[in-house]
Amino acid sequence: MAALLLCFSLLLLPIIFQFIIGTKSISKTIVLPFWATSVLSFIILLLMTVLSVLITRNTGFSIFGIFAGIITLGVILIQLYVLVSNKG
């Protein structure tokens, strides 16, 4: 049970990272550009998905990793829309 909770929290980290750091990147409070935060978020997501599958030895977490990737992509697209609309 603890391993499952650990895996869920590992897969939620990239979403939280993108939301917090991506928002700071849009508002220019950090030096990291928005595209770099997005790429870094997806790299972290891939690593966390592999780690979750290795911890639980369950392929269901790879499916949850894909779902987490879709959510992360949604957050990135919303933040990209805000970034483009603020420049216009």
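A polar contact here is a pair of N or O atoms within 3.5 Å; within protein, one must be able to donate a hydrogen and the other to accept it, and residues adjacent in sequence count only if both atoms are side-chain atoms. The model is predicted, so local features need pLDDT of at least 70 and side-chain atom pairs pLDDT 80 or more, while totals for chains, interfaces and linings use all residues. Residues are numbered from 1 along each chain as its sequence is written, and side-chain values use heavy atoms, without hydrogens or water.

Select Gln79 to begin. Gln79 sits in helix H3, residues 60–87 (helices are DSSP runs of H or I, at least four residues, numbered from the N terminus). Gln79 is buried, at 6% relative accessible area (buried means under 20%, exposed over 50%, with a 1.4 Å probe and protein chains only). A polar atom of the Gln79 side chain is 3.4 Å from the backbone oxygen of Phe19.

A polar atom of the Thr72 side chain lies 2.8 Å from the backbone oxygen of Ala68. Beyond four places in sequence, Thr72 is in contact (heavy atoms within 4.5 Å) with Ile15, Gln18, Ser41 and Leu45.

Last, select Lys28, in the loop between helix H1 (2–26) and helix H2 (34–56). Lys28 is exposed, with 61% relative accessibility. Check its backbone: phi of Lys28 is near 60 degrees, a positive value in a residue other than glycine. Most residues other than glycine have a negative phi.

Terms used: Helix = DSSP H or I, 4+ residues; strand = E, 2+ residues; numbered from the N terminus.
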